[in-house]
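Subject: Structure handover

Hi,

Here is the structure I promised to pass on to you.

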Amino acid sequence: MVNRLAHTTSPYLLQHADNPVDWWPWSPEAFEEAKRRDVPVLLSVGYASCHWCHVMAHESFEDEALAAYLNAHFVAVKVDREERPDVDAVYMEAVQAATGQGGWPMTVFLTADAEPFYFGTYFPPEPRHGMASFRQVLEGVTAAWTDRRGEVAEVAGHIVADLAKRSLAHGGQGVPDESDLGRALLGLTRDYDDTHGGFGGAPKFPPSMAIEFLLRHHARTGSEGALQMAADSCAAMAMGGIYDQLGGGFARYAVDREWTVPHFEKMLYDNALLCRVYAHLWRSTGSDLARRVALETADFLVRELRTTEGGFASALDADSEDAQGRHVEGAFYVWTPAQLAEVLGEEDGAFAAARFGVTEKGTFEEGSSVLRLDAGTAGAQADEDTPDPDAERVASVRARLLAARELRPRPGRDDKVVAAWNGLAVAALAETGAYFDRPDLVERATEAADLLVRVHLGENGRLCRTSMEGRAGGNSGVLEDYADVAEGFLALASVTGEGVWLEFAGLLLDVVLTRFAGEGGQLYDTADDAEKLIRRPQDPTDNATPSGWTAAAAALLSYAAHTGSEPHRTAAEGALGVVKALGPRAPRFVGWGLAAAEALLDGPREVAVAGPVGGELHRTALLGRAPGAVVAVGEPGGGEFPLLVDRSLVGGEPTAYVCRHFVCETPTTDVEELSRRLGG
């Protein structure tokens, strides 16, 4: 058996390199082999920190007898969805259309022409809960392939034809207006959980993109309801088990609507987005809780996910070894009262148990509890404005528990550097560092941006999707890579005053215009010269991250504000047509687009600060709440930013210029006046 996964850059594929299954990576050669042998393709899609992917691998892909059957009757192809989001998106769309649900691991059976004909997700090793075993599924597909080939071909043909017919009704009726955003706010209000914060029921995901919209809507309109939903949701998450009360950082989602029990994997993208959300919440409200969580999440990113090369790793696993040596979910994070007492002593152990909701019965499995702050617990006030008489004791308890936890077997880390997610981290760390006078965070953001340029950006301006240990992977960047990296570069330019980041953002956004744009403002997730799949993926809705479509619209809008480029502004407005169509109907799933629409309605405002980087006027500009405002800073006469051209000092003092809709206000040297103009 040939080990074809050993030299890949994907930790997920490398996890399967020693399986008895004769895996192929996604490649033309795999489908040629299926055609040569006249067998179907088994496509298995997952990612390194996926709990049920690990379970299915252990139960089935490590089983010698099952692997022998699989090798004899199929060509097995393993795909890391984080390296190939295009492949994942196309077949996930088919799975959801056929079954009404989806998830990972995703299991799809294909013809040698890559046409899907049978679908599933996790399959158990034995029949259970009405589910067929994986062996039964393999045998059933083999029988159909052998005895009913015509039926298989007909099913595959119907599925591909159905996917091809799906056109995206993006609206085409112009940009979102005041009434569209008002109806989107009303839709969010209907879905809002006014008891526990967030939207919808269990499982409950952090609504980062929707909260960005709510904060911007409040800043533009003064809507107290929008701000309240944002602030209360953030407080509930920060006090819940989804937030790591010892080490900072957020888990992927909560399995319950109360945010108590998380699915324990920690993803770079969630924490980058949430770090920025809490920093923006602090900017809007001055909340001590928001400040603490923003900084703790930033420190988590640097401490736990930063790679040797200066980028940020993709994820931490949900699973790790427990005290009995079993590989189980959440083992690194959960506690029993006895474990607290062992580390802290009886008195402090009882105090910690009461403080963090650790009970004898447990809130998780086998009597263990997830640490959380109950809203009724002393010291757990949402605003943290009231001094906590136990603050020193809590700090001591947290430090000792964190030190003890560091001795436990750690969850595995997916060291793959994904361009898009690193772009999100660059933006979050740059802004958080600037807001809270943490130049070290700005330095970490700059180092990650440097890595993206050195390793991911080719001489032709094209991005590669991933890298490992400073080595670029072989997969092309998709739309979200270009958009989110551009977003990170634009944020870094505003914070550092280094115009080179604006230039790099422009280079990436020019590729968006030439390679990813379609007619009528549409955008595609893959470039026009990318590998052709059974359908060119195109999704404007937010999932775990902002959609590439709306992220590109936001970055194009910011770049146009910086440079005055009409083509970029026109492209942004065209792309936001989809928000006019979807925002009022499905606001939870187009939050980033709604946030971009708020910026468009507000201008966005263009702020030029002629003066020193990091000076009081520059900081005030960055802290302005006007939606999507762009900031250029530098000494007068410098050529770093177009907005600084012909901007001089007034009376020899640092001076700010604020423009909006082609109209500029009188220059000001007064910090309070600038803050007022920017909604501070």
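**The largest cavity**

Eight elements come first: α9 (208-221), α11 (268-285), α16 (419-435), α18 (479-496), α20 (548-563), α23 (591-602), α24 (616-622) and β17 (630-634) each give at least two residues to the lining of the largest cavity. Helices (H or I, at least four residues) and strands (E, at least two) are DSSP runs, numbered from the N terminus. The biggest contribution is that of α18, with five residues.

Before going on, please note that this is a predicted model, in which local features need pLDDT of at least 70 and side-chain atom pairs count only at pLDDT 80 or more, while totals for chains, interfaces and linings use all residues. Residues are numbered from 1 along each chain as its sequence is written, and side-chain values use heavy atoms, with hydrogens and water left out.

The largest cavity holds about 580 Å³ of space. It has 33 lining residues, and Arg216, Arg276, Glu431, Gly628 and Ala629 are the closest to its centre. By class, 19 of the lining residues are nonpolar, seven polar and seven charged. Here Ala, Val, Leu, Ile, Met, Phe, Trp, Tyr, Cys and Pro count as nonpolar, Asp, Glu, Lys and Arg as charged, and the others, Gly among them, as polar.

On method: on a 1 Å grid over the protein atoms alone, a cavity is a set of points where a 1.4 Å probe fits but cannot get out; a pocket is an open set with protein on both sides within 12 Å along at least five of seven lines; lining residues have an atom within 4 Å of a point. Points are joined across faces, edges and corners, and a volume is the space filled by probe spheres set on them.

**Other spaces**

The whole structure has five cavities of 30 Å³ or more. In the second largest cavity there is about 110 Å³ of space. Of its 13 lining residues, Gly241, Tyr243, Asp244, Tyr333 and Val370 are the closest to the centre. Eight of the lining residues are nonpolar, two polar and three charged.

The second largest pocket has a volume of about 570 Å³. Its lining counts 23 residues, with Asp322, Ala323, Ala331, Val334 and Gln339 the closest to the centre. Two or more lining residues come from each of β11 (327-329), α13 (337-344) and α15 (391-405). The classes are ten nonpolar, five polar and eight charged.

**Aromatic contacts**

There are 25 aromatic pairs, counting rings of Phe, Tyr and Trp (its six-membered ring) with centres within 6.5 Å; planes under 30 degrees apart are stacked, over 60 edge-to-face and the rest tilted. Tyr243 and Phe250 are a tilted pair, with centres 4.7 Å apart and planes at 50°, and both residues are buried. Tyr435 and Phe436 pair edge-to-face, 6.3 Å between centres and 80° between planes. Tyr435 is buried at 3% relative accessibility, and Phe436 at 7%. Ring pairs also join Trp23, Phe61, Phe123 and Phe134 into a cluster.

Finally, the charged end of Arg393 sits over the ring of Phe351, 4.1 Å from its centre, where the rule asks for NZ of Lys or CZ of Arg within 6 Å of the ring centre and within 35 degrees of the ring normal. Arg536 lies over the face of Tyr524, 4.0 Å from the ring centre.

Best wishes

How values were computed:
Buried < 20%, exposed > 50% of the residue type's maximum accessible area, 1.4 Å probe, protein only.
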